[in-house]
Amino acid sequence: MISVKGLCKEFNGVKALRGVDIDIEKGETFGLIGPNGAGKTTMIKILTGQIPPTEGEVLLEGEPIDPMEERYRLVVGLVPQEASFYGRMTARENLVLLGRLYGMNPKEAAERGEELISWIDLAESGDRQVRFFSRGMQQRLSLAMGLMHKPEIIYLDEPTSGLDPAARNSIWELLHRLSEEGRSIFITTHNMEEADHVCSKLAILVKGTVREQGTPVYIKGLLGGDIEEVTLEDAFLRFTQEVGD
Amino acid sequence: MKGWWALLSKDWRIIVRNRLLLVILIIYPFLIMGVIGAAFYDIGRPVPIGLVNLDRGDTGDLAWVGGEAESPDDMRRHLHYRAEEIAEFEEGDEALAALTAGEVDVLLVVSRTDKSLEWLGAIIPQDVWEDLLWDLESETGVVRHYAHAGEALASLEEGENNLLMALRTVDYPYLGESLWLEGENYDASGLVKRFSQDVSDIKEYASVSQAREDLKQGRVDAVIVLPRGFVHKLKTLEEIAYVPVILDQSNLVKAEFAETSIRGFLSRINEAVVESKMEAVIAGLRILVSGGDFFGTEIVGLAQVQEDLERIRQELEGRPDLQQTVDIGIDMADTVSENVEEAAEYLRATALPIELEISSVAGRTLSAKDAVVPALIALSILWTGILSGAILMVVEEEEGMRMRLRLTQMGRFALVGSKLVLATAVVFIQSAVMLLIAVAVFGAFASNIPLALLVIAAASFSAIGIGLVIAAFARQVAGAVILSVLVAFPLIFLTGAVFPLSQMPDFMQWIARAVPLTYAIEALSGVMLRGEGLVDVAWRIGVLIAFGVGLLAIGSILVRRREI
């Protein structure tokens, strides 16, 4: 659905991405894993049209497209790493506002908001100001806000970072449901359990290049040995250290 | 414009649901401008002045005068020179008893360097009082008068004086005299009270020390001491009446107000005295011509002399030589009469050659209350404009919403523009309400309210521009508030709202010209107080809008640079 070819990004002479090629298929949950400073957040920024690449191209359904242009921006959704909502507005107000800014009329925005607020199981708390929500509730709302305009692909930047296990499971559950609905998902994460559990395809990004990509089973298989005993964390450490050495 | 309303209502909700923002942006400006407005509301009230009248007959049996001489020995020599007899006393009580009993006419108290006192008594002829007081004044420069022995002696103890003279009040010739002025008879304090009406609120004290204490406590703003002989000097005009005034210069504005007030009423007394003296002189000159009572003496008058000469001339008919001599006399009398009349006219014209005729460019007299309103509104615009501009622009940064909003259909223009519209509306409505309250409730003067509102709109835009630039340096609302206050505070002093621009050094005036609110205050006072029209203030409105556009551009560039 979305492909990236030879993507490079340079900041003041420092190369953050050095020719990245990835393909995200429709309905696929694509995980980008890598150590700190590997270029994951830069990838998300380019893929959500916030910054332009230095080189390379982004293709939507096989056609090259400028991620900064509106046609592209409207098919992507974003769940940023940091808290991202108006804390002094209610969950419903946050959702309706985004709907309005995506061009819905007040009725459409309210209906879509209601649909999502039930989907994330916050219908009862929907009229409370979001700053009083727990971190898990806030993250569910953040996910719903990213889905407000029914994007075809949603980018999540470390979506469960800092959540307790229950809140994390509830996000995973929502992501599974999204995937089942045929929505493409792109996740960056540090959490190997999350990558293994949620993603159907992974790319290991190290120092701005994709070291390996494939299904979690394929990545683990690259280490050799008993596939039941090898963990994704072993593979992550192996591939990131190789480049480090 | 789709989505603009959603953006506007979102930002408005954020302001009203955040108590800090609600107070800072909406409530605080009304409070602070209300406080400043209230402070200026009744300005021009009479200044409280303490009055100590030492020119009174009922302050005690003895009168005290003192001063600080460079060489006290010289004064001792003067006393020896003037006195018929000198007595030295060991103790002060003994000396005072001798003075009270009439054994001596005057006491000279000299403070030695070790602070011990030397008491000299003297018997002096009645006609050398003046000379002796003159000696004291010439040796000390300033003569201080005291109503009580304790106060006088304390001045020696405190080192304020090193010489004192004491004399019996019955002998002191000019005590408690009164002056006939403008149809009334005044003593010293009556004179001050009469001429300080409206400008000063006079509070009388029995002694300088009491008045000085109240000055320190802030109960009066200055103390004026009317010295002994004050009225006498006004009556005779032989000497200048030096009037000691004590100011509290720890508060310069208060001291300035008090001094101006005192100078004002003393000058009015001066004028009235000179005028009445001049009237007397003119009347006297005319009596020289017409004849009559001249200060108790019956004057024949030149007119009578002329009549007599005419009669003599007629009686000398047949003696042309003598008639010719008499004619010369008549001519001379004519000339003198004319000269006297001219002199009288000349004196009348030159007695007080200058008189102010004050008018206002507003075409009506303005009060401090009227004059302060434009400055208050400009300050409110400055405050709310900078803060609302800065705060609204960092809301998305603080809430992590910037990236999300950039993905929506709303372009950068709408995201920034909606904030500009809201901030301008907040500042404009707030300032307009302030203006209407000032006019409708407090009766402030504003000659052209619609044009004032136009200036307010332009000024709001430029103040918000400053806020946008500040926003580029802040990532959180709290940071934006702090930065805004740091910027707004010095700007308040640079706008001419607090100090007149003309009183600032040249380089400060140049800096003030770079502050948009300077133009806002000038334009607002122009349209509200000076009756200026659109043509007069158009260029200032243009400057304000240009500032706004320029600052908006700078702010946008800075924010964009930060994002990449």
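Modeller: Let us begin with A:Asn12, which lies in the loop joining β1 (2-11) and β2 (14-24) of chain A. Helices (H or I, at least four residues) and strands (E, at least two) are DSSP runs, numbered from the N terminus. The model is a predicted one, in which local features need pLDDT of at least 70 and side-chain atom pairs count only at pLDDT 80 or more, while totals for chains, interfaces and linings use all residues. Residues are numbered from 1 along each chain as its sequence is written, and chains are lettered from A and ligands numbered from 1 in the order in which they are written.

Biologist: What is the phi of A:Asn12 near?

Modeller: Its phi is near 50°, which is a positive value in a residue other than glycine.

Biologist: Is A:Asn12 buried or exposed?

Modeller: A:Asn12 is exposed, since 4 other C-beta atoms lie within 10 Å. By these cut-offs, a residue is buried with 20 or more other C-beta atoms within 10 Å of its own, exposed with 12 or fewer, and partly exposed in between, the C-beta atoms being placed from the backbone.

Biologist: And A:Glu61, where is that?

Modeller: A:Glu61 sits in the loop between β4 (55-60) and β5 (63-65) of chain A. Although A:Glu61 is not a glycine, its phi is positive, at about 50°. With 11 other C-beta atoms within 10 Å, A:Glu61 is exposed.

Biologist: Changing topic, how many residues does the contact take from chain B and from chain A?

Modeller: Chain B gives 20 residues and chain A gives 24. Two residues are in contact if their C-beta atoms, placed from the backbone, lie within 7 Å.

Biologist: Which helix supplies the largest share on the side of chain B?

Modeller: That is α1(B), with five residues. Both α1 (4-17) and α14 (402-406) of chain B supply at least two residues each to the side that touches chain A.

Biologist: How many residues does the largest nonpolar core have?

Modeller: It has 146 residues, a nonpolar core being a set of buried Ala, Val, Leu, Ile, Met, Phe, Trp, Tyr and Cys residues joined through C-beta atoms within 7 Å. The residues with the most contacts inside it are B:Ala378, B:Ala390, B:Val455 and B:Ala520. Helix α13 (residues 368-399) of chain B provides the largest share, 18 residues.

Biologist: What is B:Ala520 in contact with?

Modeller: Neighbours within four places in sequence aside, B:Ala520 is in contact with B:Ala378, B:Ile381, B:Val455, B:Ala459 and B:Leu544. Another core, of 61 residues, lies apart from the largest one, and B:Ala63, B:Ala188, B:Leu215 and B:Ala258 are among its members.

Biologist: At what angle do α13(B) and α16(B) pack?

Modeller: The angle is about 40°, and the axes are 7 Å apart. Axes are lines fitted to C-alpha atoms, for helices over the stretch in contact, and angles run from 0 to 180 degrees between N-to-C directions. This angle makes α13(B) oblique to α16(B), as angles under 35 degrees count as roughly parallel, over 145 as roughly antiparallel, 65 to 115 as roughly perpendicular and the rest as oblique. Among the residues that meet are B:Ala378 and B:Ala390 in α13(B) and B:Ala459 and B:Ile464 in α16(B).

Biologist: And how do α15 and α16 of chain B pack?

Modeller: Helix α15 (residues 412-440) and helix α16 (residues 449-471) of chain B pack at about 140°, with axes 9 Å apart. That makes α15(B) oblique to α16(B). Their contact includes B:Leu420 and B:Phe428 of α15(B), together with B:Ile449 and B:Ile464 of α16(B).
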